[in-house]
Amino acid sequence: KVQHQISRIFRTSQKISKFDVGSVQKSDDERESYAIWAVSLFLEKLGIIVGEKPVLFVLDTDRKEIYRSGDVIRSPSWKNQAYEAIVERSSDYPNFVVLDLHAVFLANWRDNGERFEYLYDSHWNEWGHRTVAEAIQASEFLSNRSPKP
């Protein structure tokens with residue numbers, strides 16, 4: 001509801017438009033192209049903002065697909081192509097580290113069969129947060145960051 005909030009803040013009744021990447025009028029190729037462009041622009045601008053500071057991207061996965069099929073690889077959807085673009089393009093920035101949760105959630109799902117989100121909400125539940133926290137600790141991202149004197 002960001003458009004409503006912006007209109008409220010600026011006290012305008014004018015409707016603020018947005019590009020809806022999920023719109024049914026767009027083909028999957030158009031969605032993928034836009035998503036990859038947006039990822040590239042985001043990484044470029046973030047690189048300018050953070051400079052050399054370390055950045056950890058924690059990439060969620062298509063959990064519904066894991067529950068449904070237990071696939072080892074991501075489905076080729078345009079959304080997953082955007083994830084792949086983050087992984088590929090972040091390598092252009094030496095201080096950007098990507099933690100892709102697909103394999104983590106898949107292995108955990110196979111071992112435990114416990115869902116990672118609330119029943120009526122797609123946000124991570126306690127089990128999801130615990131799984132992610134353990135994955136971050138295992139990645140050694142935090143231990144490789146020594147404070148500068």
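Helices here are DSSP runs of H or I with at least four residues, strands are DSSP runs of E with at least two, and both are numbered from the N terminus. With that settled, let's start.

This is a predicted model, so the local features I quote need pLDDT of at least 70, side-chain atom pairs count only at pLDDT 80 or more, and totals for chains, interfaces and linings use all residues. Residues are numbered from 1 along each chain as its sequence is written, and side-chain values use heavy atoms, with hydrogens and water left out.

First, the overview. The protein has 6 helices and 2 strands. Reading from the N terminus, the order is α-α-β-α-α-β-α-α. There are 149 residues, and 32% of them count as buried. Buried means under 20% relative accessible area, exposed means over 50%, and partly exposed lies in between, with a 1.4 Å probe and protein chains only. Now contacts, meaning heavy atoms within 4.5 Å. Take the contacts with a separation of 6 or more: residues 24 or more positions apart account for 62% of them.

Next, helix H5. What is buried in H5? His 102, Phe 105, Leu 106, Asn 108 and Trp 109 are. Those buried residues pack against H3, strand E2 (96-100) and H6. After H5 comes Gly 113, with a positive phi near 65 degrees.

Stay with H5 and look at its partner, H6. H5 spans residues 102-112 and H6 spans 126-139. They pack at about 125 degrees, and their axes are 11 Å apart. Axes are lines fitted to C-alpha atoms, for helices over the stretch in contact, and angles run from 0 to 180 degrees between N-to-C directions. H5 and H6 are therefore oblique to each other. The cut-offs: under 35 degrees is roughly parallel, over 145 roughly antiparallel, 65 to 115 roughly perpendicular, and the rest oblique. The crossing of H5 and H6 is right-handed. From H5, the contact uses Val 104, Phe 105, Asn 108 and Asn 112. From H6, it uses Trp 127, Gly 128, Thr 131, Val 132 and Ala 135. By class, that contact has 5 nonpolar, 4 polar and no charged residues.

Leu 101 sits in the loop between E2 and H5. Leu 101 is buried, at 0% relative accessible area. Which residues does Leu 101 touch, not counting those up to four places away in sequence? Val 58, Leu 59, Asp 60, Thr 61, Trp 124, Val 132 and Ala 135.

Asp 60 lies in the loop between strand E1 (55-59) and helix H3 (63-69). Is Asp 60 buried or exposed? Buried, with a relative accessible area of 16%. Its side chain has two partners to show you. The side chains of Asp 60 and Arg 63 are joined by a polar contact of 2.6 Å. The Asp 60 side chain also makes a polar contact with the side chain of Trp 124, at 3.3 Å. Polar contact means N or O atoms within 3.5 Å; within protein, one must be able to donate a hydrogen and the other to accept it, and residues adjacent in sequence count only if both atoms are side-chain atoms.

Over to helix H4, residues 78-90, and Ala 82 within it. Ala 82 is buried, at 14%. Leaving out residues up to four places away in sequence, Ala 82 touches Ala 35 and Val 39. Ala 82 and Ala 35 are 47 residues apart along the chain, yet their C-alpha atoms are separated by 5.6 Å.

Last stop, the segment after H6, where Glu 140 is found. Phi of Glu 140 is positive, near 65 degrees, in a residue other than glycine. Glu 140 is partly exposed, with a relative accessible area of 45%. That's all from me.

Notes. Left-handed = near helix turned anticlockwise from the far one by under 90°. Nonpolar A, V, L, I, M, F, W, Y, C, P; charged D, E, K, R; others polar.
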